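Hi there,

Here is the structure I promised to pass on to you.

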Amino acid sequence: MNVAQLAEQLRRDNQFMKDVTRWEVIPARPAKTAPFPDNLDPRLIPVLAQRGIHSLYTHQAKSLEAIARGEDVTVVTPTASGKTMCYNLPVLSAILQNEDSRALYLFPTKALSADQVSELYDMIEGMGVDIKTYTYDGDTPAAARRAVRQAGHIVVTNPDMLHSGILPHHTKWVKLFENLRYIVIDEIHTYRGVFGSNLANVLRRLMRLCEFYGSHPQFILCSATIANPKELAETLIGRTVTLIDENGAPMGERHFVFYNPPVVNRQLGIRQGAIPITRAISGMLLKNGIQAITFARSRLTVEVLTRYLKDMVRDPLGNAGKVRGYRGGYLPGERREIEKGLRNGQVDAVVSTNALELGIDIGALDACVMCGYPGTIASAWQQAGRAGRRKGTSIVFFIASSAAIDQYIVNHPDYLLTQSPENALLNPDNLYILLSHFKCAAFELPFADGDKFGNTQSTQELLDYLDEQGILHHVDGRYHWSAEDFPASEISLRSAAAENFIIIDITDPAHHRVVGEMDRFTAPMLLHENAIYMHEGRQFQVEKLDFDACKAFIRSVDVGYYTDADLNINLSLLDIEKEEQTPQGGIAGLGEIKVTALVTMFKKIKFDTHETLGFGHVQLPETDMHTTSMWWTLPEKLAAKIPSDQLKNGMMGIANLLRIVCPLYLMCAPQDIAVVYQVKSPITNEPTILLYDNTPGGIGLSHKAFGMKELLLSKALQVAEDCPCAYGCPSCVGPVGEVGEDGKRTAIRLLKELTK
Amino acid sequence: MNLRDKLRAVGGTGGTRQSAPETEDRDCRHFAVYRPAEEFPGALELSRDTLALMSEKEMPEDFDPRRILYLDTETTGLGGSGTVAFLVGMGFLTDNGFEVHQFLMRDYPEEPYLLKHVAAGLGKFDVLCTFNGTTFDVPLLESRFLMNRMSRNCLDLPHLDLLHMCRRLWKLRLGRCNLGRLEEVVLGKPREDDLPGSEVPQRYFTYLKTKQISLLEDILKHNAQDIASLCVLLNHMAELYQHPEKIRFSEDVYSMGRALERVNQTEPARRCYRLASRGRMGDLASSALAVSYRRSGQREEAAEVWRQMIREGRGGVTPYVELAKYEEHVLRDIPEALRLTEQAIIRLSEPGFGQDDAVQADQNELQYRWQRLKRKLKEQ
């Protein structure tokens, strides 16, 4: 059965349709084209013709025009709209016309770089010209690096390598810096939060060096659909950009099916799990030979689903190569192989985390199954975009989990279908991040009196501070680096933690092999001792976690369960920035806090039935994060009136409500913020509800929340009051089992008092 | 006045450091150290040909050992554009001994002056000699010239990096070849009270704050010693290249053989291999000798070496395999080739060889050879 037939069949299946909350058909869209502009180097035209390209889509043509006018541009395009042409054409054209010209390409991951380079190679080879394109990243052999530095016309790299491998050694890259014409940054929507704030500072450093070498590069940025591409781009590069966001590429018909698993326990409001449903739907696609991608939110779910699907297609020898798992932590070679398998049709089904959301070329798939809401509208569309490229029917299934946000989406599909996607927020002046990069900048090139660092206001204060600390040495109007450290090695752009854990399979004592890696924050959750670690559906038990050496040793096992760790969070106050008395007698505060995370125990959960088989203890050091927080205290006279158990349930309900409401009004992903409640808070000594930025240093969400603190509470009250459940459910204050029978009532009562 | 003349004008006696007068209003600090000629035996006789062999590089036509500039830097870190060479020492031989001239920047604004002295110094010499300069000192100075918008052309001299040359001779025996270790083990002169290199940057930063020049005494001493050692080491190596029989360790003799073979000194290389074939390196040396013969087409000489190894029970299965090839392809004695292959198979299955993948692969190859020889024998 093909997709159209399958869709037809499902629509006649009443059993299936009773749980479908919406079946949206997005009609096919024709192409809008424009001729090649005159300033395009004529040598490019035959190569494009060979690829069947005889004109440009309108957004490509407009980009080229704006670039020709010397503007910095941001192109917003969905998956598969030919956005690479928006930068490859002007870059190749410029190098063809002046072979000294250089371009720098930045992609968020190595995988994307590899992909783009192969596309560029093809075009360059097709023209038979000598334009050297090199990837420069951690995998570039030392012997090849010299050639890249000297001769690379187009240097393809990632922000991390630019930060630690190129900028601090800029004197080896004279040719590039002196002749840098274009800086291309793709997938800029991924540069939000910490990563984006870091990149913005890396770019400040880059531009400072360009100025030293006398070059004035132009920026070409590309983004997937987000609410604020122009704002994001301008914050990233600190300059005004021209936005091009009309998509001229064609698209085939697309079905978008919202599916809410049936309720299995009405009293407790418990629904059938999303995983078994996903298993069934992805399995159905697999059986019908419809090439599909299944997205799951966690690495664990990816592994569980991969195993289920592999079991369906295993041949007598146990091989199930048609089904593959894909997530961060797989080694590059394995990933390339899976990507290739998807393109050439050898892989029928892939189960992935959002790692495959980005523009890695895996060809056009027919179907996409989302097991749970990926957290943002932008992500959801990125994932959905994996199914269906330019022509032919495609289908997307959204399977809601019992999480409140999923329930909200599945019951309000218009939120996803019509609402503008989220803002991508970043804060280049986050002091933690700014200071680190400022040190790097001072290392790279001494600051002189009166110099500026990008558009940051605090250059002079930073210089004075570092001078005081003895890190800089002020003499004759210049600040010289005078410390032994190599400051770039102290920052990791993607998270607070600098080092990744490597995962070593010791099943065969003669051949220990590295099978993957994991970031420092996640490692305690998934790699604690006795955890079942899954890799491509195979089970391993963690034998030893060497926390100091950042190594986990695992051994192959075959057990009927997986493990899930419990995370304990502790908060302490570092500094109060603002405190306000509320009209109701409570206090609203804003400040810096320290969040300490500790994994203390884990559950063993049986496959298929998902029942808890037992517990285990974990002994690991804590991980710390400094961030920004805002909080509400309950007025004393109000709290005093309510018995403490009931108060606790009510506060838990409010926290749950805020977790639903805040991402919607702060326009961020749910994982970007955390909401906790403390009946007697060590921070305020009162019953307190705290919201904090879930990224080191914070990216400004708490500040934004402080500005709309009354609105957030009134929206929380509205969600609770609008929800038809009697005593609470996952879509409002949380299930009765958690908040108790009086939880919802108390939450509403407290919120009414707080918003009076 | 050019730098060399300036340096000359300073004058002085052996082994003492003295502060030279500053010739410009703003300049960096200059120190000069003079060492007596006796500390550098044979240094003035170093020949162009020997140096070419050692360095594997073309040397200038009118080569003169007095026109090698020995250079070493002391830096504020391990690299990257924020690392500065705050002290550059340059030494050279004269008819009377060895002079080291050290240029110290007392603060960052003096860096351009220091670099000017370095450029002027380099400009007076034909060959540059460093220890690990290819990866460290030269790129660092290049970076400094660039950061100060000065020309880097002065660094385009033929460059002898002693680290690479020393590794060829001593890596096999010593493993890591740093200058301190070479001085101790190869030259037999361990350094006493030497400042560890890792403490150098912090010393300098403390000096920057206090401006107490005495803090830098140790660094200046260390730097001057490093530079003098470069010259001694170079000449010591030259001596060994000319007289390999003076080498005491068989690892080093074998390494010398390899080094000589790289520069096509076939006969001297073979002499080294023969010398080494009696010691701990016997198997490697004999194999290398045989391979050397085979390469130059002296197949029978090569075979004789393999035969001798078999007679002495040395070298594992390699001599059998090599000899079998010779019997099969050159002498066309298939039965003898078959016999040798069988013996190799038997030897390889002896317990001493273990059973890992590499042995298994060898065993497979031998089996294949054996079957091929069997077929060939039948066809005859």
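Let's start with a sheet in chain A: seven strands form an open sheet in the order S6-S7-S5-S8-S9-S4-S10, with parallel pairing. Strands here are DSSP runs of E with at least two residues, helices are runs of H or I with at least four, and both are numbered from the N terminus. Two strands count as paired if DSSP finds at least two bridges between them. Strand S6 (133-135) and strand S10 (242-244) of chain A are at the edges with a single partner strand each, so one side of each has no neighbour in the sheet. From one strand to the next, the twist averages 15 degrees. As background, strands of a sheet pair through backbone hydrogen bonds, either parallel or antiparallel.

Before going further, please keep in mind that this is a predicted model, in which local features need pLDDT of at least 70, side-chain atom pairs count only at pLDDT 80 or more, and totals for chains, interfaces and linings use all residues. Residues are numbered from 1 along each chain as its sequence is written, while chains are lettered from A and ligands numbered from 1 in the order in which they are written.

How confident is the predictor? The complex gets an ipTM of 0.83 and a pTM of 0.78. Chain B averages a pLDDT (the predictor's confidence in each residue, from 0 to 100) of 88, and 93% of the residues score at least 70. Over residues 1-24 of chain B, however, the pLDDT is below 50, and this stretch has 34 contacts in the model beyond near neighbours in sequence. Two residues are in contact if their C-beta atoms, placed from the backbone, lie within 7 Å.

Back to the seven-stranded sheet. A residue is buried if 20 or more other C-beta atoms lie within 10 Å of its own, exposed if 12 or fewer, and partly exposed in between, with C-beta atoms placed from the backbone. Strand S5 (residues 102-106) of chain A pairs with strand S7 (residues 154-157) of chain A in the parallel sense over four bridges, and A:Ala103 has A:Ile154 as its bridge partner. S6(A) also pairs with S7(A) in the parallel sense, over three bridges, and here A:Thr133 stands opposite A:Ile154. S6(A), helix H7 (residues 142-151) of chain A and S7(A) make a right-handed β-α-β unit. Right-handed means that, with the strands pointing away from the viewer, the path from the first strand over the helix to the second runs clockwise.

A:Tyr121 lies in helix H6 (residues 110-127) of chain A, and it counts as exposed because it has 12 C-beta neighbours inside 10 Å.

Another right-handed β-α-β unit of chain A is made by S15(A), helix H14 (residues 332-343) and S16(A). S15(A) and strand S16 (residues 349-352) of chain A run parallel and are joined by four bridges, with A:Val323 partnered by A:Ala349.

Chain A also has an open sheet of three strands, in the order S19-S21-S20, with antiparallel pairing. S20(A) and strand S21 (residues 478-481) of chain A pair over four bridges, and A:Leu472 stands opposite A:Trp481.

Where do the chains meet? The contact takes 17 residues from chain B and 16 residues from chain A. Helix H4 (137-147) and helix H7 (200-210) of chain B each supply at least two residues of the side of chain B that touches chain A. H4(B) is mostly covered, with eight of its 11 residues buried; among them are B:Leu140, B:Leu141 and B:Phe145. Just after H4(B), B:Arg149 takes a positive phi of about 55 degrees.

Enjoy exploring it!

Terms used:
Axes are lines fitted to C-alpha atoms, for helices over the stretch in contact, and angles run from 0 to 180 degrees between N-to-C directions.
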